[in-house]
Amino acid sequence: MSQAVLPPPSDRRADGDSDDLLEFGYEQQLHRKLGKFASFAAGFSFVSILTTIFQLFGLGFSFAGPAFFWAWPVVFVGQFMVALCFAELAARYPISGAIYQWSRRVGGEITGWFAGWFMIIAQIVTASAAAIALQVVLPNVWSGFQIVGSDTALTSSDGATNAVVLGTILLVITTTINSIGVNAMARINSIGVTCEIVGVIAVIGVFFTHAQRGPDVVFDTGGAAVDSSYIGAWIVSGLMAAYVMVGFGSAGELAEETKNPRRVAPRTIRLALSVSALGGGLMIIGALMAAPSLTDGELATQGLPYVLNSVLSSPWGTVLLVDVAIAILICTLAIQTAASRLMFSMARDGRLPGSRILGSVNKTTGTPIAPAVVIGLGCVLVLVVNVGNSAIFSTLASVCIVLIYLAYMMVTVPLLLRRLKGWPHRTSQVDSEGKPLFTLGWLGLPVNILAVVYGAAMVINLSWPRSEIYDPSGDFPLLRWAAPLTVLAVVALGALCFPRGKSHPNPIPTGANA
């Protein structure tokens with residue numbers, strides 16, 4: 001008698017993941033191709049320390065001197081509390097559109113919808129901010145990248161216009177990659193992340209081997225410590241770390257394209273944030289140790305490129321700048337991918353205007369093409385703002401981080417309320433390999449409380465009407481209130497777009513408290 005031929009273990013796991021998805025009321029439409037490293041790459045490339053620290057190092061240093069470093073571990077600890085909560089939810093709700101789906105299932109339909117709405121808006125602006133960073137890098141690699149005019153400064157008319165041109169070209173590339181299929185996206189993203197990790201290690205190595213002072217430099221307040229208000233300056237400097245350490249939950253956005261997401265996504269959410277924090281912390285310390293001067297003002301205005309140009313000969317400096325450009329590419333790609341999956345997830349549930357188109361998946365590529373195109377067009381429209389006024393663009397980029405933190409709180413706050421009622425009620429759930437799901441156990445409540453407290457404190461810190469953040473030139477006093485005014489505007493627009501009178505096609509199941 002012939003024996004039945006069983007499919008390979010990987011195929012059996014994929015079938016199990018598809019059946020698992022059916023329990024939530026969704027069919028497997030996206031292609032489930034991502035492994036562990038590709039899942040990690042999604043979160044790591046969203047944070048993209050090689051991109052964001054190059055952009056924002058000067059911000060932190062200018063406010064609090066070398067001791068601004070200590071804001072980095074403080075923000076990491078707070079965000080890690082949030083990441084632990086996300087990891088528990090990722091294990092129990094392995095569905096695309098993570099923030100929307102998690103918030104909806106622990107906080108209800110309205111909370112979930114607005115969490116998703118906040119994240120979509122924020123991710124569009126964040127992708128634009130990442131794309132515009134090419135102007136800081138490419139013209140320094142080759143003058144031919146300065147297509148418009150000759151002044152490369154991002155705040156100049158030529159630089160602002162050229163930044164939009166380069167950013168638009170980049171967004172066309174990332175939109176094309178996202179439309180081709182998840183395999184192409186994953187390969188490019190994984191190669192890019194590998195290059196970024198190598199680049200981070202190289203930068204750290206260069207800084208430490210060219211150190212001009214010891215690691216105790218991180219206790220230097222730059223002369224500001226004599227003033228009792230230093231703590232205030234240090235709190236402002238913490239915005240640098242707050243801007244950088246977001247997006248680590250992207251592994252959850254790609255859950256329906258990940259093999260065994262109940263096990264892989266929770267691990268990669270924690271790993272992406274931890275690796276980013278470690279690498280970023282070493283980069284900051286190394287830069288402070290290797291900087292030619294801490295008092296000439298160059299470190300505050302130019303940031304890491306000033307240190308690199310000082311310690312490296314031109315060819316090696318150019319190689320590292322190319323690596324930064326690659327990091328910007330994959331960062332923009334990762335943000336757009338996460339945003340498109342979030343938009344797809346909400347549209348699939350009929351929760352957005354144009355849901356029939358936005359919620360469809362191309363059968364050949366297995367990707368939601370329409371959301372990727374809409375996100376790309378939205379990013380280009382935001383980029384154009386930089387031509388008219390770079391201060392307004394930088395303000396938008398700052399405000400979008402507030403929206404991200406608010407979206408995170410729309411997960412952690414209702415989750416805390418659920419915990420007080422005994423969540424999770426079932427502790428015996430397993431993944432597709434039969435292994436227990438990630439759980440915080442008795443640590444869940446204190447971790448969740450810390451995540452909520454940290455989130456609330458950071459929203460207040462980010463939203464505070466500081467002229468040095470939102471109106472550095474002093475020309476637009478109203479911009480100081482940009483954060484609360486923008487949040488109100490986004491809420492008002494969201495209220496107009498909210499799908500009133502429509503029943504949810506996949507209501508929260510009775511077992512959602514598991």
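Trp102 touches Phe86, Leu89, Ala90, Tyr93, Gly252, Ile269 and Val411, not counting residues up to four places away in sequence; contact here means heavy atoms within 4.5 Å. The structure is a predicted model, in which local features need pLDDT of at least 70 and side-chain atom pairs count only at pLDDT 80 or more, while totals for chains, interfaces and linings use all residues. Residues are numbered from 1 along each chain as its sequence is written, and side-chain values use heavy atoms, with hydrogens and water left out.

**Nonpolar cores**

Trp102 also belongs to the largest nonpolar core, which has 151 residues; together with Phe57, Met283 and Tyr405, Trp102 touches the most other members. A nonpolar core is a set of buried Ala, Val, Leu, Ile, Met, Phe, Trp, Tyr and Cys residues joined through side-chain atoms within 4.5 Å. Buried means under 20% relative accessible area, with a 1.4 Å probe and protein chains only. The element that gives the most to this core is helix H18 (residues 390–419), with 17 residues; helices are DSSP runs of H or I with at least four residues, numbered from the N terminus.

Val182 counts as buried because its relative accessibility is 2%. Leaving aside neighbours within four places in sequence, Val182 is in contact with His31, Lys33, Leu34, Glu257, Arg341, Thr365 and Thr367. Thr365 is 183 residues away from Val182 along the chain, yet their C-alpha atoms are separated by 7.5 Å.

**Cavities and a pocket**

A search of the whole structure finds five cavities of 30 Å³ or more. On a 1 Å grid over the protein atoms alone, a cavity is a set of points where a 1.4 Å probe fits but cannot get out, and a pocket is an open set with protein on both sides within 12 Å along at least five of seven lines; lining residues have an atom within 4 Å of a point. Grid points are joined across faces, edges and corners, and a volume is the space filled by probe spheres set on the points. In the linings, Ala, Val, Leu, Ile, Met, Phe, Trp, Tyr, Cys and Pro count as nonpolar, Asp, Glu, Lys and Arg as charged, and the others, Gly among them, as polar.

| Space | Volume | Lining residues by class |
|---|---|---|
| Largest cavity | about 70 Å³ | seven nonpolar, four polar, one charged |
| Second largest cavity | about 50 Å³ | six nonpolar, two polar, no charged |
| Second largest pocket | about 260 Å³ | twelve nonpolar, one polar, no charged |

Helix H6 gives the largest share of the pocket lining, five residues.

**A buried histidine**

His504 is placed in the segment after helix H21 (482–497). His504 is buried, because its relative accessible area is 11%. Its side chain makes a polar contact of 3.1 Å with the side chain of Tyr100, and another, of 3.3 Å, joins the side chains of His504 and Arg104. A polar contact is a pair of N or O atoms within 3.5 Å; within protein, one must be able to donate a hydrogen and the other to accept it, and residues adjacent in sequence count only if both atoms are side-chain atoms.

**Backbone geometry**

Most residues other than glycine have a negative phi, and most peptide bonds are trans. Ser48, in the loop between helix H2 (36–47) and H3, has a positive phi near 45 degrees. Asn260, in the loop between H11 and helix H12 (261–290), likewise has a positive phi, of about 50 degrees. Ser48 is buried at a relative accessible area of 0%, and Asn260 is buried at 3%. A cis peptide bond, with omega about -10 degrees, joins Trp423 and Pro424. Pro424 lies in the loop between H18 and helix H19 (444–463).

Methods. Buried < 20%, exposed > 50% of the residue type's maximum accessible area, 1.4 Å probe, protein only. Helix = DSSP H or I, 4+ residues; strand = E, 2+ residues; numbered from the N terminus.
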